Structures are given as structure tokens and as C-alpha cells.
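User: I am new to this structure and would like to be guided through it by questions and answers. Please begin with the overall picture and then turn to details.

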Amino acid sequence: MAGRIIDWLRSGGSEPASADAELIARLTAAEAANEAKTRFLASVSHEIRSPLNAIYGYAQLIERGEGKDALAAARVIRRSAEHLAHLVEGLLDIAQVEGGALKLNREAMRFPEFLRQLVDMMQLQAEAKGIALVLDHPPGLPEFVHADPKRLRQVLINLIANAIKFTDHGMVTLKVEYRNQLATFSVIDTGIGIAPEDAARIFAPFERVGGAAGERAGVGLGLAITQALVHIMGGEITLESTPGAGSRFTVRLMLSQPLTPPTDPAPEAGAVTGYIGRERWIVVIDDDTAHLAMVRGLLEPLGFQVRTATDGETGLALAAQVQPDLVLCDVALGEESGWDIAARLRRRHGALLKIVMLSGEAPDSAARRDDGPANNTFVMKPFDFTVLLDVIAGELGLEWLRAGSAVPPPASADAAVPSFPVGIVPDLSRHCSEIERLVRIGHVRAIEAEIDALAALAPETAPLADRMRVTLDSFDLKALAQLAKTAVSHAR
Ligand code: ADP
């Protein structure tokens, strides 16, 4: 429409008056914005489609039993889902930035360590393209500075990722200088460079350079987000570039130093591998069988006894039979309401039973009852596993065993290792002792084979084998040896 009006104005024959010229300029700008939006939507749907295809394809292969290596397929699916999540996050960032709602969380962060981790993170990407990624900073950088690590990381990752993407030979350098509270970050590459006429527009949302550069994957959001973040942090970003020789993006930020060094934050917790205490029983009620399988797959390896039901009545019967410690109940159970089932569970089992509701929709006021909510907690789907585990630990008062932390000896705490049928004890002890021995010599393949043999012994050994696999996957051989030792002493 705007295009047609512009054509009409232009075809007027005579030189347009200044009002017309202004109108043409505005319409041209509006048309450009509109085109950019259309291009953006096309790019976004392309960006969404490729990971979605990977998820769809691999899921079907696994479903048909043709996925040779289910673990590798699961990794592709997880990575694709993560890519989608990042894309959504980027779009939300743009919306937040444009709406002025983005908030910074400044904290005292370890500066040189932050930079090292960042470069380590991007190293693989650079190696995959056969180029070097180098961190260059003087020795005297302050140990701590005040900054929002999430947003600063986002800025630098965007710039480094671009530098790697648009460089085919040579190297990318992250150079960091610090003087009088002013931090200067330069991301320097030896890539294709940017023509002077493109230098300003690449910072605009959805703008990408045509030609060879434009053919590389991307949605043209990175630099727009980066520039907006730098401005929100009170800094500036500049670009110097020579086509064919390389580019240098420079970010200048005031990052003050804390007066006193902060106390060290707690080290990051390792993956949960089990829990301390007696075995806990969990009933899961959900009409989505894929969801049931997923929750079972998450909880059983940690040592929980899990029973599942696809409808409320079966769930109630199961709960009556096994007297679980916790029920995870979906809100929308086909025709039934999960809230009704929760209320009936509460009436039958009393306050001791913990009930956690799961739903794809936020709880509404209709769910609240006069006699108080039947459930203890509510978790929104899709959920991060760690969120669900936090909720379960909170409700059941559990203390987790984690990869990397020593498993408490069974004498001081009854680790959640189930008791085993007497008939399998000799074999169980043999496999576990062998695993202990193999861990000492670090023979991973043989350890895997022993764990498989252990899993095949009896249904009771499968959860233990799964927990061992978790420790092996995270190369926590110490925890694995401890699990094997604990199991042997429990079996005797
Ligand atoms: P995307 O990388 O998703 O296309 P960006 O907003 O991050 O989006 O970048 C916009 C454009 O700027 C890129 O498409 C590319 O043309 C150009 N560009 C960004 N960084 C570089 C660089 N280091 N070297 C050459 N061109 C670059």
C-alpha cells in the first residue's frame, strides 16, 4: 500500500513540494519497517522450523524403534529444544528492551574467571571452524567488579559468536582492558569485514548484510539486542571494520570495583543422583502417557518407587494400595478435574500425603475451594527438572545426593538403596565389587557392561543401575564407586 502511494506521489511529474517530500520520506520509512518485519517473520519461522524438524524426525525414529542410538537422538532433541528456547528468549529480550521493562541484576562477580569461562564456552565453536579464539588481558585486572553477569555474558557471546561466524581464516580475540573503573572489551576478528555503508544499519533490528554474509544463519537480532543491552548498562558500542580484512567491535562500560571482596558464593551443586533416607513412593496421575514416562524416567533413577495412572479413579485406587508419600497430579485429566481428584485424595489420606498439581495453565481462582486448596504446591508445565526436584525435596523434606559429593556411608545414613531379594545377592555383590575394581583402573567400557549386567539381574536392581549410569555420565567415578560399595554393604 505504502509502495503504491509513493509511486503515485513520484509519478506526479513535477518536483514534490516539501510537505510531499516529508510524506514520501515517512512512507518510505514505514514501508522499510514493514518489509523488515515481513523478512523477520520469515526468518523466525525458518529458525523455528529447522530445530523443530530435528525434534520431530528423531522422536519418530525413536517411536518406531529405528533410532539406533537413543541417547544420541535425545541429545539432538534436547539441543534443538534449547535452541528454540534461546530464540524465544531473544524475542522476549527484544520485546522487553523495546517496552523498557528489562531490569539489570548487578552483583560483585569474579572478573578474570568470568572472562575465562566465557572464552572456554566459545572455544568449541571456534575450533569447529578451524580458527583460534584468544583471550588477551593485562595481568592486573581486578578480581571482582560490579556487573550483571547474565547480560554482560550475552553481549560478549553475541559479539564473539558473530566474529566466529563471519571469519573463515585467522583468529578472533577478546581483548579486555580496565582503567579507572572503565572496562573496554574489544572483539577483534580477521573475517569478511563490514562495508562502511552497512556499519550503521546492522545494529537495527532484523537488519542483515546481503551477499555472502547474509547467507550465514541468523535472524539479525543479535546486534540489536547487544546494542540495546550495552546502552541499558550505561555504556557504548562502536565498530571499526575493513571489508576483507576484519572487524573490531568495542564495548566500553563503567564497572566499579566492590570496596570489600564478597564472601565466596557456594560452589555450583552437582547433578542429583539420589537422596538420603528411606525409599519414598510417588504416584503420578496424568492422561498424557509421554509425560508419565518422562517423570518416571526422571524419578526412578534417583531411587523413588514410582507408580503411574492415566485417570483419576485408577490414581485413587493406586494411592489406596501403595500409600504413597507424594502424588503428582495433572490438572486437566480428560473429562475429570485434577482438582477434584486432589480433594478426594486429601479427604482419604489426610494432611500427611503431599499433593503437587502440574498444569500447562496457571492456577485460576476457580481452583480455590472453601475448605482451602487440596494441593500443597503447583508446578507449571513445561517445567525444568530441577524445579520439580526442588518442589519434591521441599515437600518431602529430602536431602539430595549429588554427583561430586561423597555419598554418606550407610552406617550414618540409610542411603536410598532398596533392599534386594536374597537370591540375587551373590551376583549383585560380584557385579558391584567388579565395578569398584574397574573404577580404580578407569575402564569405562567395562564399567558400562557391568552396569548393564547389574540392571538385567532383577527389577529391583534397575534403579541402582540407572543411578550408577548418571554418575558415570558425569564422570563422577568417586560417587559411582561409593554407590557400588553402599549397595554391597546393603546386600549383605
Ligand atoms: P545475525 O548474525 O543473526 O545475522 P546480528 O544482528 O548479530 O544478526 O548481525 C547483523 C549483521 O551484521 C550480520 O548478518 C552480518 O551481516 C553483520 N555482522 C555482524 N558481526 C559481524 C562480523 N564480526 N563480521 C562481519 N559481519 C558482521
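Analyst: A contact here means heavy atoms within 4.5 Å. The model under discussion is predicted.

User: What share of the contacts with a separation of 6 or more comes from residues 24 or more positions apart?

Analyst: The count takes in the contacts in the chain with a separation of 6 or more. Among these, residues 24 or more positions apart account for 69%.

User: How many helices and strands does the chain have, and what percentage of its residues count as buried?

Analyst: The secondary structure of the chain comes to 15 helices and 16 strands. Buried residues have under 20% relative accessible area. Of the 492 residues, the share that counts as buried is 41%.

User: Which strands stand at the edges of the open sheet of 5 strands?

Analyst: This open sheet has mixed pairing and the order 2-4-5-7-6. From one strand to the next, the twist averages 15 degrees.

User: In which sense do strand 6 and strand 7 pair, and which residue is the bridge partner of Ile 237?

Analyst: Strand 6 and strand 7 are joined over 7 bridges, in the antiparallel sense. In strand 7, the bridge partner of Ile 237 is Val 251.

User: Is Thr 250 buried or exposed?

Analyst: Thr 250 belongs to strand 7 (residues 246–254). Leaving aside residues up to four places away in sequence, Thr 250 touches Thr 184, Phe 185, Ser 186, Glu 236, Ile 237, Thr 238 and Glu 240. Buried means under 20% relative accessible area. Because its relative accessibility is 3%, Thr 250 counts as buried.

User: At about what angles do helix 4 and helix 5 run to strand 2 and strand 5, respectively?

Analyst: Helix 4 (residues 111–128) lies across strand 2, strand 4 (171–179) and strand 5 (182–189), and runs at about 170 degrees to strand 2. Helix 5 (residues 149–165) lies across strand 2, strand 4, strand 5, strand 6 and strand 7. The angle of helix 5 to strand 5 is about 20 degrees.

User: What is the handedness of the crossover from strand 9 to strand 10?

Analyst: Strand 9 (residues 281–285) and strand 10 (residues 305–309) pair over 5 bridges in the parallel sense. Between them the chain passes through helix 8 (residues 289–299), and this β-α-β crossover is right-handed.

User: Why do the buried residues of helix 8 lie on the same side, and which elements do they pack against?

Analyst: The buried residues of helix 8 are His 291, Leu 292, Val 295, Leu 298 and Leu 299. They cover an arc of only 130 degrees around the axis, which puts them on the same side of helix 8. On the other side, Thr 289, Ala 290 and Ala 293 are exposed. The elements against which the buried residues pack are strand 9, strand 10, strand 11 (326–330), strand 14 (354–359) and helix 11 (385–396).

User: How many residues apart in sequence are the parts tied together by Glu 143 and Arg 110?

Analyst: The side chains of Glu 143 and Arg 110 meet in a salt bridge at 3.3 Å, N to O. Glu 143 lies in the loop between strand 2 and strand 3 (144–147) and Arg 110 in strand 1 (residues 107–110), so the pair ties together parts of the chain separated in sequence by 33 residues.

User: Where do Asp 168 and Lys 129 lie?

Analyst: The side chains of Asp 168 and Lys 129 meet in a salt bridge at 2.9 Å, N to O. The pair links distant parts of the chain, 39 residues apart. Asp 168 is in the loop between helix 5 and strand 4, and Lys 129 is in the loop between helix 4 and strand 2.

User: What separates Arg 437 and Glu 434 along helix 12?

Analyst: The side chains of Arg 437 and Glu 434 form a salt bridge (2.9 Å, N to O). Arg 437 is partly exposed, with a relative accessible area of 38%, and Glu 434 is partly exposed at 24%. Because they are 3 residues apart in helix 12 (residues 425–441), the separation is about one helical turn.

User: How many salt bridges does the structure hold?

Analyst: Side chains of opposite charge can pair when their charged atoms come close. In this structure, the number of salt bridges is 12.

Definitions and conventions: Residues numbered from 1 in each chain as written. Predicted model: local features only at pLDDT ≥ 70, side-chain atom pairs only at ≥ 80, totals over all residues. Heavy atoms only, no water. Pairing = 2+ DSSP bridges. Helix = DSSP H or I, 4+ residues; strand = E, 2+ residues; numbered from the N terminus. Right-handed = clockwise from strand over helix to strand, strands pointing away. Buried < 20%, exposed > 50% of the residue type's maximum accessible area, 1.4 Å probe, protein only. Arc of directions from axis to C-beta. Axes fitted to C-alpha atoms, helices over the stretch in contact; angles between N-to-C directions. Salt bridge = Lys/Arg side-chain N within 4 Å of Asp/Glu carboxyl O.
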